[in-house]
Amino acid sequence: MAGHVTERHITRSGQGGDRDVYEYALLRVVPRVERGECINAGVLVYCRARGYLGARTHLDEARLLALDPAADLAGVRAALGAVEGVCAGGAAAGQAAGDDPGRRFRWLVAPRSTVVRPGPVHTGLTTDPAAETERLLDLLVR
C-alpha cells in the first residue's frame, strides 16, 4: 500500500486534501560541545507550496544555565534572533534578503559547529504553516 504516515493516519498519494508538505528543523543550543548536551530552543518551518518560511524561538535560560553556568545568554539570544530575522526576510535578513525562502531555509539548516545549530530536517502536512510553527514550538521546545 503506497502512502505515507501523518499524525497516526495513512494518506495515499493525492489524498492530502488541502494540506501542503512542510519541512521543519529544531534549533538546538549546545553550550559545551565536548559534553554533547543540548536543549531545544526553536523551530524552523518551510512550506514551499505556500512560500512560507518561519521561525519561533524560546530560550529556557534556567535549563541552559543548568548545562553550563557560564553560558553566554546574550550571545545565544542574539543568534536565535538572527535566525528569526533571516526567516522574516527584508532588511533583518542581511545579505540573505534577496534569496527566496527555500534557499534561506537550506542555508539555516545546513550543519554547523556553533552553539546554536539546527537538528535534522523532518516533514509533515499542514493547512496552516504559521500555526504549525507555533504548534511545533509548544510540542518540542516549551
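**Figure 1. Aspartate 18 is exposed, with a relative accessible area of 56%.** Here exposed means over 50% relative accessible area, buried means under 20%, and partly exposed lies in between (1.4 Å probe, protein chains only). The model is predicted, so that local features need pLDDT of at least 70 and side-chain atom pairs count only at pLDDT 80 or more, whereas totals for chains, interfaces and linings use all residues. Residues are numbered from 1 along each chain as its sequence is written, and side-chain values use heavy atoms, with hydrogens and water left out. Aspartate 18 sits in the loop between strand 2 (9-11) and strand 3. Strands are DSSP runs of E with at least two residues, helices are runs of H or I with at least four, and both are numbered from the N terminus. Leaving aside neighbours within four places in sequence, aspartate 18 is in contact (heavy atoms within 4.5 Å) with Arg50, Thr126 and Thr127. Between aspartate 18 and aspartate 128 there are 9.9 Å in space, C-alpha to C-alpha, and 110 residues in sequence.

**Figure 2. The chain as a whole, as background to the other views.** Four helices and seven strands make up the secondary structure. Read from the N terminus, the elements follow the order β-β-β-β-β-α-α-α-β-β-α. The chain has 142 residues, and 40% of them are buried. Of the contacts between residues at least 6 apart in sequence, 60% join residues at least 24 apart. The chain exposes about 8,100 Å², of which carbon and sulfur atoms supply 51%. These areas come from the Shrake-Rupley method with a 1.4 Å probe, and for residues only the protein chains shown count as cover.

**Figure 3. Helix 2 spans residues 73-88.** From the first C-alpha to the last, the 16 residues of helix 2 reach 23 Å, close to the 22 Å expected at 1.5 Å a residue. The expected span is 1.5 Å times one less than the number of residues. Leu73, Val76, Leu80, Val83, Gly85, Val86 and Cys87 are the buried residues of helix 2. Their cover includes strand 3 (20-29), strand 4 (39-47), strand 5 (52-57), helix 1 (61-67), helix 3 (101-109) and strand 6 (116-118). Just after the helix, glycine 89 takes a positive phi of about 80 degrees.

**Figure 4. The largest nonpolar core has 25 residues.** Such a core is a set of buried Ala, Val, Leu, Ile, Met, Phe, Trp, Tyr and Cys residues joined through side-chain atoms within 4.5 Å. Val29, Leu44, Leu59, Leu64, Val76 and Leu80 have the most contacts inside the largest core. Strand 3, strand 4, strand 5, helix 1, helix 2 and helix 3 each give two or more residues to this core. Helix 2 gives the most, with six residues. A second, separate core has nine residues, among them Tyr22, Leu26, Val45 and Leu137.

**Figure 5. The surroundings of leucine 44.** Not counting residues up to four places away in sequence, leucine 44 touches Glu23, Tyr24, Ala25, Leu27, Gly54, Ala55, Val83, Cys87, Phe105, Leu108 and Val109.

**Figure 6. Glutamate 134 and arginine 56 meet in a salt bridge.** A salt bridge is a side-chain nitrogen of Lys or Arg within 4 Å of a carboxyl oxygen of Asp or Glu. Side chains of opposite charge can pair when their charged atoms come close. The structure holds ten salt bridges. Between glutamate 134 and arginine 56, the distance is 2.6 Å, N to O. This pair links distant parts of the chain, with glutamate 134 in helix 4 (residues 129-140) and arginine 56 in strand 5, 78 residues apart. Glutamate 134 is partly exposed at 26% relative accessibility, and arginine 56 is also partly exposed, at 29%.

**Figure 7. Glutamate 132 and arginine 135 form a salt bridge.** The N to O distance is 2.6 Å. About one helical turn separates glutamate 132 and arginine 135, because they are three residues apart in helix 4. Glutamate 132 is buried, with a relative accessible area of 7%, whereas arginine 135 is partly exposed at 35%.

**Figure 8. Glutamate 34 and arginine 32 form a salt bridge.** Their closest N and O atoms are 3.2 Å apart. Glutamate 34 is exposed, at 62% relative accessible area, while arginine 32 is partly exposed, at 30%.

**Figure 9. Cysteine 38 and cysteine 87.** Cysteine 38 is partly exposed at 36% relative accessibility, whereas cysteine 87 is buried, with a relative accessible area of 4%. The structure holds zero disulfides, a disulfide being a pair of cysteine sulfur atoms within 2.5 Å.
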